Every structure is written in structure tokens, then in C-alpha cells.
Amino acid sequence: MNEMRFGRRDFLALAGASASALSGCASMSGARGGASGAPMRNFAVAPMRHIRVGVVGTGARGTGAVRRLPKVPGIEIVAVCDIRTAFAEKAAAVVRQATGKAPRVYAGDAAVYKRLCDAADVDVVYNCTSWDAHVPVALYAMRAGKHVLIEVPSAMYIEDCWALVETAEATRRHCMQLENCCYGEEELLALNLCRLNMLGELIHGEGAYIHDRRWQIFNDAQWERWRNHWNVAHGGNQYSTHGLGPIALDMGINRGDRFDYLVSVDGVQRGYEAFAAATLAADNPGRAQRFRMADMNVTTIRTAKGRTIMLQHDVTSPRPYSRLNLIAGTKGVLRAYPRLDIYLEKADEWPKTSGHHVFDEKTTAFLKETYRHPLYRQVGEIAKKVGGHGGMDFLMDLRWAYCLQQGLPLDTDVYDLASWCAVSELSERSARSRSASIDFPDFTRGVWKQQVNSNLMDAEFDLTKLDFASVRT
């Protein structure tokens, strides 16, 4: 399920006709009329003690999923699916080796995922397809009565965000984005500090995806793949959710606040083309390729409450990896890159402060241990042993499974998915329009005004309700 399927927008962009491409990229961002079903805020289903999962897409992310999910108590992978038969069969072998039971294999054509979604013994579709296939698979799965979990970014266009929202409302099925960075140790620490009001009133956040991906784009095995084509056709910030998701939870976005508008700036493109000239053979088509994706995109969001969020996207520079991961309030600040630092202003220092505050490693270490998020305190070490981006992937899977098993709402919902993913199209539209401000749609249709927390804020979690003897580490 990892092959690229071009849409109208992509062909327009590839043609290099800027005006046409811009109109092709844009879709209506205003609010829709009425909901197609009841709101999904705090939506929960009856407890599902045994969760039968079908994994669609068995590339890199899908392979990681089939290795992790059998280690989550109560989960059984009953089916795997990929266009490429060899990939699907390899994933099935991984499951069989881990559990002693082979899942069914669906493979061979672009529509084969429908057979998996239609299967009566699949409860949850775990969608690890390429970006352009996320939405078609998710929509079909929900209409077939399945809950769906979608890799990041789950949707690339506003109209697709709306389609996911409206279909989740109409079918009463969970539609959650698999944003693993919300479950990172530092991100959960920041969330806990915000929950306890340690940072005061939140004012500003910074997130990023700074990750050198040139090797992937120009690897011979990758050259004709979907991600390369996306960088050829699109600018803006096309991978925002790693940095944005945790900040949105910290700020209570869609739970008392919402994204109001953004402005976005694309810089020049030098990294891909210079890398191609230096590393590719003279007859490699990559040497002549030109990319719309800038070396650096900077996007700034303002919320309804007046908070600001700065996002960066850079996948072409030889910079050390960073998600920035900064959250600042009236009483202090946490940042996670290049190292974890926390500063909390002391009340007795305020009248005589010099304004030159400094981070202190001992203070940070003390605060990290004292205010470790309760979820991470309970199962963080187990997650590290299982692995997956340092354990955050397993912790994410453990949480959604736990919530389904206990009949709880999931930590994030389809409105979060849509709001976070909307940055892809909105940032590109702004950047192509000399950084004009672009309004966010209100995917909640006013429900955001209800001051409620994500479940992850308090993370109800009872180890005695899970059989961790089944977790093979």
C-alpha cells in the first residue's frame, strides 16, 4: 500500500504552473453547515476486551507495528495487507513467529484493503499506508464498521480532513492519528507540568521536524516512491504533527482553545539539488529533478486565546535531529532539544529578577523525576524494552488498546487529527501567497469551547487490568 497515486493537485504542481497549482491546492477552509452525526468529543464504545487488528500497509511503519502489537495485552493481529505480496507475507511471518498463529494475508492489488476492512473478525484497522492512501483506506474502514488508527500525517488536504470528521461522526467509529510523539518521555513530562499549572498560563510553543531525509529521497530503491514525489509537488510544512501534536495537547487545543489562523514562509531549495549533484550518477534522473519543498519552512499559528506556536520543517539540511519541543508560560519554560531543560521562576525572585534566567541541570533532573507523567512512571520502562522510537510507539499502542479495553475515550480524536493535519494545506497556501494569513476551519463546529481535557492529561491507567505476563520483551 505504499505506491504513489497522483491526484489533480499533484499534476498541477508538477506542471510548474504556480497559479493553477495554488488553486488546485486550495480547498474550502470555512466551517461546514451541520454535523453529519453526533459530536465525537469524549466518544467511547463498549469495552473491547479482545481487540482484533488488521494492519494495512507493511512497509517500514507497518513492519514496526506487526512487531509491537503482539506484545500489547489483548491485541491479536488477524490480518495483514499490502499491494506487494512479498511484503505482506513477510509481515505475516513476523506475527506467526511472535504468536504461533499466522494472520490472513491480503495482497496483490490496490483495492485489496477493502477485503480486509470487510472481514467480520477485524475490529480495528491499523493504517500504515503511504500519505495519499491514508484517507481512502480510513473512510472505507469506518464505513465498514471498523475503528481506524492512521499513521502520520493522516490527511494532507482540508477536504480530506472534513471527510474523516464527517465519516467518523456518521459511523460512530473512532478515527485517531497515530502521533507517537505525544507519548515521548519529555512530551509527557511537559504535559504533566502543564496539567499541574507549573508553567503558569501558557503563552507560546515551538515544534519542528528537523530531520535529514536526503538519503531516503535519493536512495535508488526509494527514487520512484511516493515520498519523493510529494516533495517534488508540494511546499509548506507537510510533516507538522510530530512537533504540533504535543503542544496542542499542552494548550488544550479543541478543548477550550483552537487554532485560529497561520502564516507560513518557504525559503529556498538548495539541499536536495546539491545532494543529488554530489552523490548521483550522471545518468540518474534525480540529478535533473527540481523540488518545490523548501529547505526550511517556518509556520506561525495564533490560537483563539492569543497563544502562538512556531513550527519548522527541514528535511534537507545536515542538522542534528530536533523537534524543538518547547512550551512556555508565565511561570516557566520547558525545552527538550538539544537537551532537556526546565526553568521555573520562583515567587521570591520575581521582585528582584535581573531578566537573565539560566537553566540548571540539577534542577532539571529533579523536576524530571518529581513530575514524571503518571503513565510514563508506570509503564515507561516496559515501553523502552519493547522499543519503537525509544518506546513511545509501544506506549502509544498500549494506551489506545487500554482505552478501548476499558471503554474509555481515546486520548485524541478525529478533531485533533483534522486540526493538526490541516497545517499541510494551509501552510502551503500561505507560503505560495507571500505569507498571507489563512484561517483554520473549525472542525469541531463550536465544540472546542467546552473546557475539557484529553484523557492523556490524567492518564487513568491500572496495570492490574492488563496481563503483562503476555508482554514478551
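These legends accompany a set of close-up views of the structure shown above.

The structure is a predicted model, in which local features need pLDDT of at least 70 and side-chain atom pairs count only at pLDDT 80 or more, while totals for chains, interfaces and linings use all residues. Residues are numbered from 1 along each chain as its sequence is written, and side-chain values use heavy atoms, with hydrogens and water left out.

**View 1. The largest nonpolar core contains 114 residues.**
A nonpolar core here is a set of buried Ala, Val, Leu, Ile, Met, Phe, Trp, Tyr and Cys residues joined through side-chain atoms within 4.5 Å. Buried means under 20% relative accessible area, exposed means over 50%, and partly exposed lies in between, using a 1.4 Å probe and protein chains only. Look for Tyr-126, Leu-164 and Trp-400, the residues with the most contacts inside this core. Helix α15 (residues 392–406) gives the core its largest share, ten residues. Helices (H or I, at least four residues) and strands (E, at least two) are DSSP runs, numbered from the N terminus. Elsewhere there is a second, separate core of 17 residues, including Ile-217, Trp-230, Val-232 and Ala-276. In soluble globular proteins, nonpolar side chains tend to be buried together.

**View 2. Leu-164 and its contacts come into focus here.**
Contact means heavy atoms within 4.5 Å. Setting aside residues up to four places away in sequence, Leu-164 touches Val-135, Ala-138, Leu-139, Met-142, Ile-150, Ser-154, Ala-155, Cys-175, Val-414 and Leu-417.

**View 3. The largest pocket has a volume of about 680 Å³.**
On a 1 Å grid over the protein atoms alone, a pocket is an open set of points with protein on both sides within 12 Å along at least five of seven lines, whereas a cavity is a set of points where a 1.4 Å probe fits but cannot get out; lining residues have an atom within 4 Å of a point. Grid points are joined across faces, edges and corners, and a volume is the space filled by probe spheres set on the points. Of the 33 residues lining this pocket, Ala-60, Arg-61, Arg-213, Gln-216 and Arg-227 lie nearest its centre. Helices α3 (60–68), α6 (131–143), α9 (214–218) and α10 each supply at least two lining residues. The lining has 13 nonpolar, 13 polar and seven charged residues; Ala, Val, Leu, Ile, Met, Phe, Trp, Tyr, Cys and Pro count as nonpolar, Asp, Glu, Lys and Arg as charged, and the others, Gly among them, as polar.

**View 4. Five cavities of 30 Å³ or more turn up in a search of the whole structure.**
The largest cavity has a volume of about 150 Å³. Its lining has 18 residues, and Met-40, Asn-42, Leu-410, Thr-412 and Asp-413 are those nearest the centre. By class, this lining holds seven nonpolar, six polar and five charged residues. The second largest cavity, at about 60 Å³, is lined by residues including Trp-131, Arg-213, Ile-217, Arg-227 and His-313.

**View 5. Helices α8 and α10 are the subject of this view.**
Nine of the eleven residues of α8 (residues 185–195) are buried, so this helix is largely enclosed by the rest of the structure. Among the buried residues of α8 are Glu-185, Glu-187 and Asn-192. Just after α8, Asn-197 takes a positive phi of about 65°. In α10 (residues 226–233), eight of eight residues are buried, including Arg-227, His-229 and Trp-230.

**View 6. The loop between β5 (147–150) and α7 (158–171) holds Glu-151.**
Glu-151 is buried, with a relative accessible area of 7%. Leaving aside neighbours within four places in sequence, Glu-151 is in contact with Arg-61, Asn-127, Cys-128, His-134, Gln-177 and Leu-178. Pro-153 lies in this loop too, and a cis peptide bond with omega of about -20° joins Val-152 to Pro-153.

**View 7. Cys-117 is shown with Cys-81, which holds the closest cysteine sulfur.**
The structure holds zero disulfides, a disulfide being a pair of cysteine sulfur atoms within 2.5 Å. The sulfur of Cys-117 is 7.8 Å from that of Cys-81, too far for a bond. Cys-117 is buried, at 0% relative accessible area.
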